[in-house]
Amino acid sequence: QVQLVESGGGLVQPGGSLRLSCAASGFTFSNYAMRWYRQAPGKQREFVGWITRGGSTYYVDSVKGRFTISRDNAKNTLYLQMNSLKPEDTAVYYCHADYNFGYWGQGTQVTVSS
């Protein structure tokens, strides 16, 4: 069965960095685009960015220049490098696989606070 397991979240001060990982299994990871989303308290889940199977990336304006999405197809793992973090980046971060009708991970909490 398809599994997506995020890790790497935590508490970080403003201006700090975190790298999230999403370990994928149950499908041919290299064949599918992958996405990151986030959901802040009291808000709807929002799209952060995606990476195609070929490695092209796209980001929403609010994270452009600060976040970088990458993938390691040999390890079946998706990454989200987050730099210059702001309090408004506080959210649960989810990875999503564009496989079949789509699959979600369970999420990992990122809290940006001093």
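I began at the hairpin of β5 and β6, where 5 residues sit between the strands and Gly55 takes a positive phi near 100°. A reminder to myself: this is a predicted model.

Next I looked up how these two strands pair. β5 and strand β6, which covers residues 57-59, run antiparallel to each other and share 3 bridges. For a landmark in β6, I noted Thr57, with Ile51 standing opposite.

Then I stepped back to the other partner of β5. Strand β4 (residues 34-39) pairs with strand β5 (residues 46-51), in the antiparallel sense, over 5 bridges. Which residue of β5 does Arg38 stand opposite? I found Glu46 there.

I also checked the turn here. β4 and β5 make a hairpin with 6 residues between them, and Gly42 in that turn has a positive phi of about 75°.

My last stop was Arg66, which I found in the loop between β6 and β7 (67-72). Is Arg66 buried or exposed? Its relative accessibility is 11%, and buried means under 20%, so Arg66 counts as buried.

I wanted to know what surrounds Arg66. Leaving out residues up to four places away in sequence, Arg66 touches Gln81, Met82, Asn83, Ser84, Leu85, Lys86 and Asp89.

Methods: Residues are numbered from 1 along each chain as its sequence is written. This is a predicted model: local features need pLDDT of at least 70, side-chain atom pairs count only at pLDDT 80 or more; totals for chains, interfaces and linings use all residues. Side-chain values use heavy atoms; hydrogens and water are left out. Two strands pair if DSSP finds at least two bridges between them. Helices (H or I, at least four residues) and strands (E, at least two) are DSSP runs, numbered from the N terminus. Buried means under 20% relative accessible area, exposed over 50%, partly exposed in between (1.4 Å probe, protein chains only). Contact means heavy atoms within 4.5 Å.
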